[in-house]
Amino acid sequence: MKKRPFIVANWKMNKTISECVDFVEEFLPLVSMVEDVDVALAPPFTSLTAVARALGPGRVSLAAQNMHWEESGAFTGEISPVMLRDAGCGYVIIGHSERRQYFGEGEGEVSRKVASALREGLVPILCVGETLGEREYGKTFEVVERQLRGALDGIVLESGAELVVAYEPVWAIGTGKTATPEEAQEVHHFIRGLLANIFGSESAGNTRILYGGSVKPDNAASLMGMADIDGGLVGGASLQPESFARIVKFRG
Ligand code: PGA
C-alpha cells in the first residue's frame with residue numbers, strides 16, 4: 001500500500017533568517033489545502049528557531065541538515081541533537097552526499113549520528129546514493145548496500161521509532177539530470193529489500209524512502225507514482241515557495 005508521501009525541502013547553505021521567514025509566510029497559504037502529504041523544511045541552523053516560530057504548530061515540520069552525535073561537550077562548531085530538539089526540529093538529514101564528499105563524513109560517523117538521532121527522539125533522514133562513476137561501473141547496488149548497512153549497523157528500531165531513507169544518486173543532485181522513475185524505483189525496491197533484511201518486513205514496509213536529485217514540479221508526479229517512492233528530498237526547486245508548493249501538490 002502507498003504510504004503518506006513526505007516531501008522535504010533541503011535549503012543547504014542558502015537563505016538568511018529573514019529570507020527563510022519570508023519563504024514560510026508565502027509558502028504556507030499555498031499549501032493550506034494539502035492534507036494528504038507530510039512536509040518538512042530544512043533551513044540552515046541559524047534560521048531554525050525563526051522558521052519554527054513562523055511555522056507555528058501547523059502541519060509543516062522542521063528538519064536540520066546535519067548534527068553531531070554527542071549531546072554536548074567540547075566540539076567547537078558543532079550542533080547536538082538536544083539543541084535541534086530544543087530548536088523545534090523533528091527530523092534531521094544525515095549523511096547527505098555533500099557531507100560525505102566535502103566534509104569527509106564516513107560510514108562510522110553516519111552510523112553514530114543515526115543512532116544518536118533516534119536516541120534523542122529525532123527522525124533521521126538517512127541519505128545514500130552512488131556517484132556517476134559508480135553507476136557507470138555497475139556498482140550502484142553495491143554502494144547503496146554498503147552505505148545503508150554501514151549506517152544502520154547495530155541500530156535497533158524501537159516500536160514507534162521512525163527512520164526515513166533518501167536515495168539520492170550523486171550524479172542527479174543539482175545537475176538537472178534526474179534518475180528516470182524506473183531507474184529510481186529499481187533502487188528504491190532494492191533498499192526496501194535491504195531494510196526488510198535488517199529490520200524485518202514490517203519496519204521495512206513502514207519506512208518511507210524518498211528520492212532526491214533534481215526533483216522539479218514537472219517530474220514530481222511521475223517519480224512519486226512509483227511503488228517504492230514515498231516522497232522527495234528537494235534542493236534547488238525548494239528554494240522558491242511557488243515551485244516547492246507545486247511539488248508538494250504533485251497530485252494536482
Ligand atoms: P537538488 O538537491 O534537488 O538540487 O538536486 C537535492 C539534495 O541534494 O537533497
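Student: How much space lies in the largest pocket?
Tutor: About 420 Å³ of space lies in the largest pocket, where a pocket is an open set of points on a 1 Å grid over the protein atoms alone, with protein on both sides within 12 Å along at least five of seven lines. This is a predicted model, in which local features need pLDDT of at least 70 and side-chain atom pairs count only at pLDDT 80 or more, while totals for chains, interfaces and linings use all residues. Residues are numbered from 1 along each chain as its sequence is written, and side-chain values use heavy atoms, with hydrogens and water left out.

Student: Which residues are the closest to its centre?
Tutor: Of the 19 residues that line the largest pocket, K12, M13, Q65, R99 and F103 are the closest to its centre; a lining residue has an atom within 4 Å of a point. The largest share of the lining, three residues, comes from α4, helices being DSSP runs of H or I with at least four residues and strands runs of E with at least two.

Student: Changing topic, how many residues does the largest nonpolar core have?
Tutor: The largest nonpolar core has 65 residues, a core being a set of buried Ala, Val, Leu, Ile, Met, Phe, Trp, Tyr and Cys residues joined through side-chain atoms within 4.5 Å, and buried meaning under 20% relative accessible area with a 1.4 Å probe and protein chains only. The largest share of this core, six residues, comes from helix α8 (residues 181-199). Apart from it lies another core of 14 residues, including V8, I93, C127 and A166.

Student: And in helix α2, which residues are buried?
Tutor: In α2 (residues 48-55) the buried residues are L48, A50, V51 and L55. They lie on the same side of α2 because they cover an arc of only 165° around the axis, taken from the directions from the helix axis to the C-beta atoms.

Student: What do they pack against?
Tutor: The buried residues of α2 pack against α1 (17-30), β2 (38-42), β3 (60-64) and α3 (81-86). Just after α2, G56 takes a positive phi of about 65°.

Terms used
Buried means under 20% relative accessible area, exposed over 50%, partly exposed in between (1.4 Å probe, protein chains only). On a 1 Å grid over the protein atoms alone, a cavity is a set of points where a 1.4 Å probe fits but cannot get out, and a pocket is an open set with protein on both sides within 12 Å along at least five of seven lines; lining residues have an atom within 4 Å of a point. Grid points are joined across faces, edges and corners, and a volume is the space filled by probe spheres set on the points. Contact means heavy atoms within 4.5 Å.
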